[in-house]
Amino acid sequence: MSDSSSRILPLGLAVLLLIFSLWAGWFIHRSSFEVEGTHYYCLFDDAMISMTYARNLVEGHGLEWARFGEPVEGFTHPLWMFLMVPVNLLPIALKDRSLLMQLLSWLALAGAIAAVRRLMLDHFSPPGESHWLPAAVLTAFYYPLAYWSLMGMETGLQALLAVVAVQLALTTAHADRDRHFSLWIVCAAAFLLRMDMLLLVGVVQLYVLLQRGFRQIRTRSWLAGFAVFFGMTLAYGIFRQLYYHDLLPNTYYLKLYGVPLAVRLLRGSAVLADFVRDHLLVLLAAGLGTVAFLRRNRRLILPAAVFVLYCAYSVYVGGDAWDGDLPIRANRFISFVMPLLFVLLNAVLNEVLAAWRRGREIADGDPAGRVILAAATVVALLIANGLWLSDKAHDNWRQLALVDRPPMTMRHQRVVGQLLAFEKFVKPGAVVATAWAGIPAYFSDYKMIDILGYNDRVVAHSSPVTPLTEDNFDTFRPGHSKWNEQRLLTEQRPDAFFQIWGIKRGMGPVAKVMPGFGYRKRAKFWVRMDSPFIDLQNAPPPPPEDNGEQPAAGNDAGDQSGDQGGNQGGNQGNNGDSPGQTGSPGL
């Protein structure tokens with residue numbers, strides 16, 4: 001595990017990347033599915049929202065989701081969405097395009113693994129202890145990071161940019177090498193990837209200035225880099241204002257506006273407490289070790305600061321919508337900085353081994369250090385993934401070994417299958433309301449209404465339907481607390497509902513409310529009987545076992561949603577594929 005020669009080290013990295021790539025390729029395959037004899041690749045529903053924006057742009061609808069009305073910025077990762085545009089320009093079927101984004105995420109993760117190695121070698125390897133494999137292995141096989149990335153979210157690219165930014169900042173501050181311009185370019189890419197990456201930008205830039213002095217802002221490279229950063233961010237800000245007529249993404253208002261800070265902090269703290277409990281031994285080893293060796297290597301403070309800051313950010317926003325519902329041990333706000341935690345742990349191990357060798361006067365080539373390092377890596381990997389000392393170890397082993405399909409895969413399959421059934425009697429061009437905003441929109445040609453408001457400015461700027469207080473904070477699900485059933489039924493009046501959300505909570509039993517507004521149930525869907533887009537001859541009747549009391553929707557999650565309006569969701573099963581919370585989390 002040591003850097004003994006320039007020949008062996010690239011080989012070690014190559015072997016790790018090969019093993020990781022084989023695992024990631026099998027993950028991608030296991031996340032795909034067949035419906036009616038057709039094989040589909042599909043991303044997490046939130047990523048499919050962005051794919052819909054990219055597809056609509058390519059097909060001439062503009063950079064919007066609904067395919068009608070005023071455009072709304074229902075995505076929060078502009079750079080990631082723009083990377084989806086060339087994918088949707090390719091002459092390949094819709095069912096296969098998601099695969100290319102999954103492969104792009106695989107490349108980003110591979111880049112993050114290589115970047116972790118470089119960071120370890122350059123800044124956290126004391127003489128004789130240039131070990132990097134622990135951090136790289138943990139980065140490669142930490143399941144939450146891989147899950148969010150390979151399911152099509154921007155998490156892998158976030159991780160890569162975060163590690164590279166820390167690397168460049170430390171090199172600029174301590175290695176007497178001017179990397180100001182490169183650092184600013186990475187910062188610009190990070191900010192355009194997600195606005196909340198501004199926290200990373202602020203930390204790394206402040207660190208450099210504190211270490212090198214504020215006179216750095218007068219250097220040509222710093223000024224040139226800042227000019228690029230400022231120009232790119234200003235350009236997109238102007239575009240957002242002119243095109244979307246908003247200062248911030250719509251999901252910012254959806255998830256934060258009208259939600260008391262105390263509610264967000266309480267739920268965010270509860271989510272973070274679960275994360276700390278699940279990773280306690282790794283956090284203690286990395287944290288206490290960092291404090292112990294901080295005087296020896298002051299560089300430890302930068303990755304530590306970035307990691308702690310994003311844990312705090314997760315608390316501030318109230319965690320993710322899927323926290324507690326999906327069996328993923330870290331949400332997207334924390335997963336992408338986990339490589340920096342692994343760097344800290346690896347750095348502490350290197351310092352411990354260096355001190356041990358000095359105290360015992362052991363030669364650098366002695367294999368005992370490698371054995372200790374290998375054992376520590378295995379233990380950390382087991383604990384981080386919940387494979388040991390966890391009451392869900394059995395399920396976590398099946399998850400990591402990909403015996404079970406990745407969480408949400410079977411629900412994706414059901415949604416696509418029910419969309420195909422829906423399309424048999426709801427014609428293209430119809431206005432369709434849905435709670436899941438990604439998959440139904442991307443794989444169809446309907447005009448869409450987003451019930452939960454990710455792509456609806458009016459809903460996003462409203463207050464939560466259920467008043468949120470410090471006493472019911474645990475019912476808060478970011479992005480699932482706002483809807484407007486009265487406006488939906490009286491003003492928007494979609495031709496059909498692919499899914500229903502919130503009507504029973506606000507107006508009464510669905511089966512009693514919907515007919516009064518001209519809707520009848522066909523199969524599991526509610527359709528407007530006077531709509532020219534409904535082919536009533538091909539529309540199947542409601543299921544005979546339906547007693548008129550169950551809310552109808554286009555998938556199992558939606559079937560539950562009419563009854564879940566009071567708590568914005570439900571409890572997921574062990575694999576995240578059982579009925580419950582619906583919609584698309586994405587801040």
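## Helix α2

Helices are DSSP runs (H or I, at least four residues), numbered from the N terminus.

This is a predicted model, where local features need pLDDT of at least 70, side-chain atom pairs count only at pLDDT 80 or more, and totals for chains, interfaces and linings use all residues. Residues are numbered from 1 along each chain as its sequence is written, and side-chain values use heavy atoms, with hydrogens and water left out.

Back to α2: 12 of its 14 residues are buried, meaning under 20% relative accessible area (1.4 Å probe, protein chains only). Among them are Asp45, Met48, Tyr53 and Arg55. The buried residues of α2 pack against several helices, including α3 (78–89), α4 (94–123) and α10 (220–244); contact means heavy atoms within 4.5 Å. Just after α2, glycine 60 takes a positive phi of about 90°.

## Two nonpolar cores

A nonpolar core is a set of buried Ala, Val, Leu, Ile, Met, Phe, Trp, Tyr and Cys residues joined through side-chain atoms within 4.5 Å. The largest one has 156 residues, and Trp23, Tyr147 and Val426 touch the most other members. Helix α7 (residues 155–174) gives the most to this core, with 11 residues.

Take a look at tryptophan 23: leaving out residues up to four places away in sequence, it touches Phe141, Tyr143, Ala146, Leu150, Leu400 and Leu402. There is also a second, separate core of 22 residues, and Trp483, Trp501, Val510 and Trp526 are included in it.

## A buried glutamate

Glutamate 485 sits in helix α22 (residues 485–492). Its relative accessible area is 11%, so it counts as buried. Not counting residues up to four places away in sequence, glutamate 485 touches Gly502, Ile503, Gly506 and Met507.

## A nonpolar patch outside

On the surface, Val276, Leu280, Leu281, Leu284, Leu288, Val379, Trp388 and Leu389 form a nonpolar patch with about 720 Å² of accessible area together. Such a patch takes residues with over 30% relative accessible area and no salt bridge, with nonpolar side chains (Val, Leu, Ile, Met, Phe, Trp, Tyr) joined within 5 Å. A salt bridge is a side-chain nitrogen of Lys or Arg within 4 Å of a carboxyl oxygen of Asp or Glu. The areas come from the Shrake-Rupley method with a 1.4 Å probe.

Helix α13 (residues 280–293) gives the most to the patch, with 4 residues. Leucine 288 lies in α13, and its relative accessible area of 58% makes it exposed (over 50%).

Terms used: Helix = DSSP H or I, 4+ residues; strand = E, 2+ residues; numbered from the N terminus. Patch = residues over 30% accessible without salt bridge, like charges linked within 9 Å, V, L, I, M, F, W, Y side chains within 5 Å.
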